[in-house]
Amino acid sequence: MNTPEPSKPSGRRIEIDSGSGFCHGVVAAIRKAEEELARSGSLYCLGDIVHNSTEVERLRKKGLRTITHSDMARLSDVKVLLRAHGEPPSTYRMAADNNIEIIDATCPVVLMLQKRIKAAYDDSHSSARKPLILIYGKNGHAEVNGLVAQTDGEAVVVQTVEDLDAIDFSRDILLYSQTTKSLQGFNEIIAEIRRRKSSGSFEYFDTICRQVANRMPKIREFASAHEVVIFVSGRQSSNGHALFEECRRVNSRSYFVERADDIRPQWIAGAESVGVCGATSTPGWLMDEVKSRLETL
């Protein structure tokens, strides 16, 4: 009678999070860039098209040249792509003055928010009690710069509850949010303003992109379903750092990498299940490379 061979171990399971990767706004911006590069072989982009250095380098090899506002001021008779983050009105005026053709890839969600804030600011001039416009967001972020510019620089940016210490709560307040901020943080700001406000009106507008906001609970679920999590993102991505912190809250064996070569073999030692996920600025091809690297370890 033959003795059956013992079953072989199934091996390590490596899964890429299907919900990770570029958001719709970034997909559209990169598509517009690639279409123009295919036609002409070169294109300027005002700022990194996405906060991911490997994707920026891929497009640079195709002819996409990243420039600053100072660079743009010295250009004329060229095409310049505006990325998904959006730009202040001054950028459009500069383009018109320099005969620059704009390829506008501003995310529709950001564009709608710019228009709402500008309308509120314009209306405030006819109000007996001019409201204070607050923007919950990251100071200096490209999107936030564009939003503040809709108010001629008068809007006040708050990043944390502590920033509210400098606010005059006797004024009427209108609160908006950067599209990529967390709902939890936004709700904390709302609760604190309500707590401190004893006079005047307070209105808030949930302007957070749901594609981004919904990533938080989904990435927590994904991270908790694996023994080890490899989170792939550019170091400059605000969204990436926020999502990574969510991973780490539910799974202490979560590691942040920018590229496949950053992975350390000891991170996955003994793990039978490894999850690969990323930010809304992380290209799918890069997560595929990370998975391939994990399979060789």
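The sulfur of cysteine 107 lies 6.1 Å from the closest cysteine sulfur, that of cysteine 209, which is too far for a bond. Cysteine 107 is itself buried, with a relative accessible area of 13%; here buried stands for under 20% relative accessible area, exposed for over 50%, and partly exposed for what falls in between, with a 1.4 Å probe and protein chains only. Cysteine 247 counts as buried, at 0% relative accessibility. A search of the whole structure accordingly turns up 0 disulfides, a disulfide being a pair of cysteine sulfur atoms within 2.5 Å.

The model is predicted, so local features need pLDDT of at least 70 and side-chain atom pairs count only at pLDDT 80 or more, while totals for chains, interfaces and linings use all residues. Residues are numbered from 1 along each chain as its sequence is written, and side-chain values use heavy atoms, with hydrogens and water left out.

We turn next to the sheets. An open sheet of 4 strands runs in the order S3-S2-S4-S5, with parallel pairing; strands (E, at least two residues) and helices (H or I, at least four) are DSSP runs numbered from the N terminus, and two strands pair if DSSP finds at least two bridges between them. Its edges are strand S3 (64-67) and strand S5 (101-104), each of which pairs on one side only. Neighbouring strands of this sheet are turned by 35° against each other on average, direction ignored. Between S4 and S5 the parallel pairing extends over 4 bridges, and lysine 79 stands opposite glutamate 101 in S5. Helix H1 (residues 24-40) packs on this sheet and touches strand S2 (43-46), S3, S4 and S5, where contact means heavy atoms within 4.5 Å. The direction of H1 makes about 165° with that of S4; axes are lines fitted to C-alpha atoms, for helices over the stretch in contact, and angles run from 0 to 180 degrees between N-to-C directions.

Another open sheet is built from 4 strands in the order S7-S6-S8-S9, also with parallel pairing. Strand S7 (156-158) and strand S9 (202-204) are the edge strands, each pairing on one side only. From one strand to the next, the twist averages 25°. Strand S6 (residues 132-136) pairs with strand S8 (residues 173-177) in the parallel sense over 5 bridges, and leucine 132 has isoleucine 173 as its bridge partner in S8. Helix H5 (residues 108-124) lies across S6 and S8, at about 170° to S8. Helix H7 (residues 183-196) lies across S6, S8 and S9, likewise running at about 170° to S8.

The buried residues of H11 are Leu286, Met287, Val290 and Leu294. Seen down the axis of H11, these buried residues fall within an arc of 100°, so they line one face of the helix; the arc is that of the directions from the helix axis to the C-beta atoms. An α-helix has 3.6 residues a turn, so residues three or four places apart point the same way. The cover over the buried residues of H11 includes strand S1 (13-16), helix H2 (53-62), strand S10 (228-232) and strand S12 (273-278).

Some single residues also deserve a look. Glycine 146 is found in helix H6 (residues 142-149) and counts as buried at 0% relative accessibility. Leaving aside residues up to four places away in sequence, glycine 146 touches Glu87, Pro88 and Gln114. Glycine 146 and glutamine 114 are 32 residues apart in sequence, with 7.4 Å between them in space, C-alpha to C-alpha.

Two aspartates have a positive phi although neither is a glycine. Aspartate 77, with phi of about 55°, sits in the loop between helix H3 (69-73) and strand S4 (79-82), and counts as exposed at 55% relative accessibility. Aspartate 152, with phi near 55°, lies in the loop between H6 and S7 and counts as exposed at 64% relative accessibility.
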